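Colleague: Hi! I'm new to this one, could you walk me through it?

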Amino acid sequence: MTAHGTLSCGKYRKCPRPECREAARAYRRLTYRKQGYGTWQPLVDAEPARQHLLALNAAGFSYQVIAEHLGRYTAAVTGIVYELSPNKQRKRRIRPEFEAAILALTPESMTPGMLPAAGSVRRVRALNAMGWPTRVIADHMGTVPARIRSVTAQRLVTRATAQGISNCYQALHRLNPLEHGIAPGTVLKLTRMAARKGWRDPLWWEDMGHIDDPEFDPASVEQELGRNEEAAVRRGEIEHLMSYGFDHENIAARMNMHPTTVRNIMNELRTGKRRDRGAAA
């Protein structure tokens, strides 16, 4: 329901309350002032708003629900998204305030009390990666496994669910499942599945942090770590071969590397000074 005292309530719903009528009058005064200064822009391209509406709908919000949050009729919203009839084309331009209201809507703002599900999903999968079955997590929370599995497919969760999963995680993530009644076969099956799917265990999350950050991408971080670790191993092997008196060409041949790269690394190891890779060759 649109709040009283807003432009939507006064201008579009024609609410007779004094604060709503004043909001409508204030809008007209602003319109006249901008027209006088030549800065009035009555309509803007509707495509950004359309794309935002499509994203909200894809996130699970019907156009009726979106319209209710905007304080508009459903047709006012769907008319931006698609043609309502052969004689009623999709809106190509809309008023700036309507665009601003649409773009201001987010899944979080439309579902008060909800949180991004990333942290909850990662905690469930981290426990699975240790060998804790989903049924144990569900039992700990007083729910059923299907409910926990559904959480891993959601973008948002309630605060209560997030807190319940967090409490379960804190209780279990330092315990060995094998020492608490979980069969070895079950643990092996879960750990193998987690490795195959790239699920990180609690120790990994303790090292990396960001378990609740939906923008954090574990895959890209591991890729970067992989490159750094590979480079460290390569440098260590070059240093080892240097100690036997091999020159850069022999080392390059043994390690299948370019001689110039090996020579540069050897110079770094001798001087203890890393070269500037951003400088021109």
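Modeller: Happy to! Let's begin with Ser 120, which touches Val 151, Val 157, Ala 162 and Ile 165, leaving aside residues up to four places away in sequence; contact means heavy atoms within 4.5 Å. This is a predicted model, where local features need pLDDT of at least 70, side-chain atom pairs count only at pLDDT 80 or more, and totals for chains, interfaces and linings use all residues. Residues are numbered from 1 along each chain as its sequence is written, and side-chain values use heavy atoms, with hydrogens and water left out.

Colleague: Where does Ser 120 lie?

Modeller: Ser 120 lies in helix H8, residues 118-130. Helices (H or I, at least four residues) and strands (E, at least two) are DSSP runs, numbered from the N terminus.

Colleague: Is Ser 120 buried or exposed?

Modeller: Ser 120 counts as buried, at 4% relative accessibility. Buried means under 20% relative accessible area, exposed over 50%, and partly exposed in between, with a 1.4 Å probe and protein chains only.

Colleague: New topic: how many aromatic pairs does a search of the whole structure find?

Modeller: The search finds 4. Rings of Phe, Tyr and Trp (its six-membered ring) pair if their centres lie within 6.5 Å; planes under 30 degrees apart count as stacked, over 60 as edge-to-face and the rest as tilted. Tyr 63 and Tyr 82 are edge-to-face, because their ring centres are 6.4 Å apart and their planes are at 75°.

Colleague: Which parts does that pair tie together?

Modeller: Tyr 63 is in helix H4 (residues 63-70) and Tyr 82 is in the loop between helix H5 (74-81) and strand E2 (93-94), so the pair ties together parts 19 residues apart in sequence. Tyr 63 counts as buried at 13% relative accessibility, while Tyr 82 is partly exposed at 40%.

Colleague: And what about Trp 204 and Trp 205?

Modeller: They form an edge-to-face aromatic pair, 4.9 Å centre to centre with 85° between the planes. Ring pairs link Trp 204, Trp 205 and Phe 216 into a cluster.

Colleague: What lies over the face of Trp 204?

Modeller: Arg 200 does, at 5.5 Å from the ring centre. A charge sits over a ring if NZ of Lys or CZ of Arg is within 6 Å of the ring centre and within 35 degrees of the ring normal.

Colleague: Where is Arg 200?

Modeller: Arg 200 lies in the loop between helix H12 (184-197) and helix H13 (202-208). Arg 200 counts as buried, at 18% relative accessibility.
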